Amino acid sequence: NVSTLNEEDIIWADIVLISSMIVQINSAKEVIHRVRSYGKFIVCGGPLFTSSYREFSEADCFVLNEGEITIPLFLKDLEAGTLKHLYRSNLKPDITKTPVPDWSLVKKERYASMAIQVSRGCPFACDFCDIIIMNGRVPRYKEPAQVIAELDAIYDTGWRSSVFIVDDNLIGNRKKIKLILTEIAAWMKKYNRPFCLSSEASI
């Protein structure tokens, strides 16, 4: 999504893993078809495939729903050489155990914003949104200390610009988000406001 997919990248890969949002469906189909022509094993996951995996017959394997549950199942079978076509689960993971992203893997100069996630799920059922299908009606929140650790990790990369809080609805549980926002406010003040923060919330 932020660089050109070169032939050398495809030839180099043992397995090609594709994650995509629904808005990227045409690009995802194009990439899958291109990679298939090289005979590579294709694994797909993310929101697009979780809702529409049957539309992608050229993919070999789907790792769907929330990764904390399904990625370990996939990795275990990959190591054992017993991969299945489909990995999915309706379980909702405890995101207080979700690890901090490894930002050293990101070429941050190619991005307009870094991203963190504070919660998943939304208590509402708006007809234009499929979030509750993927992430449920009960908002799940990270611990305040977790969120601060993620801000620290981004700060330590040298990033000093926009950070987008990618939550489905940041204020789905106002009591919990107030605790987190209080910690974020103190952190921003301590570091002289290094980020411009934004998010999504119901109105």
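Phe 49, Tyr 53, Phe 56 and Phe 62 come together as one aromatic cluster; here, rings of Phe, Tyr and Trp (its six-membered ring) pair if their centres lie within 6.5 Å, with planes under 30 degrees apart called stacked, over 60 edge-to-face and the rest tilted. The model is a predicted one, in which local features need pLDDT of at least 70 and side-chain atom pairs count only at pLDDT 80 or more, while totals for chains, interfaces and linings use all residues. Residues are numbered from 1 along each chain as its sequence is written, and side-chain values rest on heavy atoms, with hydrogens and water left out.

Eight aromatic pairs turn up by the ring-centre rule. In one of them, Phe 49 and Phe 62 are tilted, at 6.3 Å centre to centre and with 45° between the planes. This pair ties together distant parts of the chain, since Phe 49 sits in helix α3 and Phe 62 in strand β3, 13 residues apart. Helices (H or I, at least four residues) and strands (E, at least two) are taken as DSSP runs, numbered from the N terminus. Phe 49 has a relative accessible area of 0% and is buried, and Phe 62, at 1%, counts as buried too; the cut-offs are under 20% for buried, over 50% for exposed and in between for partly exposed (1.4 Å probe, protein chains only). Another tilted pair is that of Trp 187 and Tyr 191, with ring centres 4.8 Å apart and planes at 40°. Trp 187 is buried at 5% relative accessibility, whereas Tyr 191, at 25%, is partly exposed.

Turning to the sheet, four strands make up an open arrangement in the order β1-β2-β3-β4, with parallel pairing; strands pair if DSSP finds at least two bridges between them. The edges are β1 (15–19) and β4 (86–87), each of which pairs on one side only. Five bridges join β1 and β2 in the parallel sense, and Val 16 has Ile 42 of β2 as its bridge partner. Between β2 (residues 41–45) and β3 (residues 61–63) there are three bridges, again parallel, and Cys 44 stands opposite Phe 62.

Side chains in a regular strand alternate between the two faces of the sheet.

What about the helices? Helix α2 (residues 25–36) touches both β1 and β2 as it packs on the sheet, its direction making about 160° with that of β2; axes are lines fitted to C-alpha atoms, for helices over the stretch in contact, and angles run from 0 to 180 degrees between N-to-C directions. Ala 28, Ile 32 and Val 35 of α2 are buried. The buried residues of α2 fall within an arc of 70° down the axis, so they line one face of the helix; the arc is that of the directions from the helix axis to the C-beta atoms. Asn 26, Glu 30 and His 33 are exposed on the other side of α2. The cover over the buried residues of α2 includes α1 (7–12), β1, β2 and α3 (47–52).

Helix α4 (residues 67–80) holds Thr 70, which is buried at 0% relative accessibility. Neighbours within four places in sequence aside, Thr 70 is in contact (heavy atoms within 4.5 Å) with Val 63, Leu 64, Tyr 87, Arg 88 and Ser 89.
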